[in-house]
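Dear colleague,

I am passing on the structure below, together with some notes on what came out of going through it. Please read them alongside the coordinates.

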Amino acid sequence: GEPVATHRVDGVGWAVSLTPSRIYLGGTFTTVRNQSGQSQGAYANLAAFDRTTGAVSPTFRADTNGIVRTLAVRGDTLYLGGDFTTVNGQPRARLAAVDLQTGAVKPFRADTNRVNKVVAAGDRLYVAGTLSTIGGVARNRVAALDLVTGAVDPTFDPNVNASVNTIAALPDRSRVFIGGL
């Protein structure tokens, strides 16, 4: 198809996630501008755009105080990971879940070290990065969490010895693929 003239950010986009109506962009930026260069408002590292018009969606707010490196959508939730410690002013260390429509922070919580990639499969959120603990549980670089609560899956512990940059899982969770250094 033909490209849509979209609003743009004043920094770097690190992650994109799509729904039928929106484009979610995470990265390191502070402002969204229209095609003429006029500010459309302050957006800290995460913004949603209308998939048809390309305009920023002002009803979605999920500002972070650090880089958003990865995004995943499941149901009515947007999962984000990176180098932040707050989302909309609420403490969330490098991993969070927000409402897909509004950006409101959800109760899901599993504080950790830097997150490079999140992916949803089945009823789990797989998390990869430099983590050594997540949600207070020891896990080396990779973990699986309950999508709703953030509780660490006690049966999944591959115990990786170096940073993991990417992860993928089959929908039935029968296989998980990881890559890194």
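**Overall fold and packing**

Among the contacts in the protein chain that join residues at least 6 apart in sequence, 37% are between residues at least 24 apart. Please keep in mind throughout that this is a predicted model.

As to secondary structure, the protein chain has 18 strands and zero helices. The radius of gyration of the protein chain is 16 Å, close to the 16 Å that the globule rule gives for 181 residues, so the chain is as compact as a globular protein of that length. Taken along the principal axes, the box filled by the C-alpha atoms is roughly 50 × 35 × 30 Å. Of the 181 residues, 46% count as buried, and the accessible surface of the chain comes to about 8,300 Å², with 52% of that area belonging to carbon and sulfur atoms. For the charges, the mean position of the 18 positive ones and that of the 13 negative ones are 4 Å apart.

**Strands S8 and S11**

Strand S11, which covers residues 95-99, has four of its five residues buried, so it is largely enclosed by the rest of the structure. Its pairing with strand S8 (residues 77-82) is antiparallel and runs over five bridges, and within this pairing Leu 78 stands opposite Val 98 in S11.

**Two buried residues**

Val 118 belongs to strand S12, residues 115-121, and is buried, its relative accessible area being 2%. Which residues does Val 118 touch, not counting those up to four places away in sequence? They are Thr 70, Leu 71, Ala 72, Tyr 79, Leu 95, Leu 125, Tyr 126 and Val 127. Val 118 and Ala 168 are 50 residues apart along the chain, and their C-alpha atoms are separated by 8.5 Å.

Leu 145, for its part, is found in strand S16, which spans residues 142-146, and is buried with a relative accessible area of 0%. Leaving aside neighbours within four places in sequence, the residues in contact with Leu 145 include Leu 95, Phe 108, Ala 110, Leu 125, Val 127, Ile 134 and Val 152, and also Asp 123, Arg 124 and Asp 153. Finally, Leu 145 and Arg 33, which are 112 residues apart in sequence, lie 36 Å apart in space from C-alpha to C-alpha.

With best regards

Notes. Residues numbered from 1 in each chain as written. Predicted model: local features only at pLDDT ≥ 70, side-chain atom pairs only at ≥ 80, totals over all residues. Heavy atoms only, no water. Rg over C-alpha atoms; globule rule 2.2 N^0.38 Å. Buried < 20%, exposed > 50% of the residue type's maximum accessible area, 1.4 Å probe, protein only. Contact = heavy atoms within 4.5 Å. Areas by Shrake-Rupley, 256 points an atom, 1.4 Å probe, with all protein chains shown as cover. Lys, Arg positive; Asp, Glu negative; His and termini not counted. Charge placed at Lys NZ, Arg CZ, Asp CG, Glu CD. Pairing = 2+ DSSP bridges.
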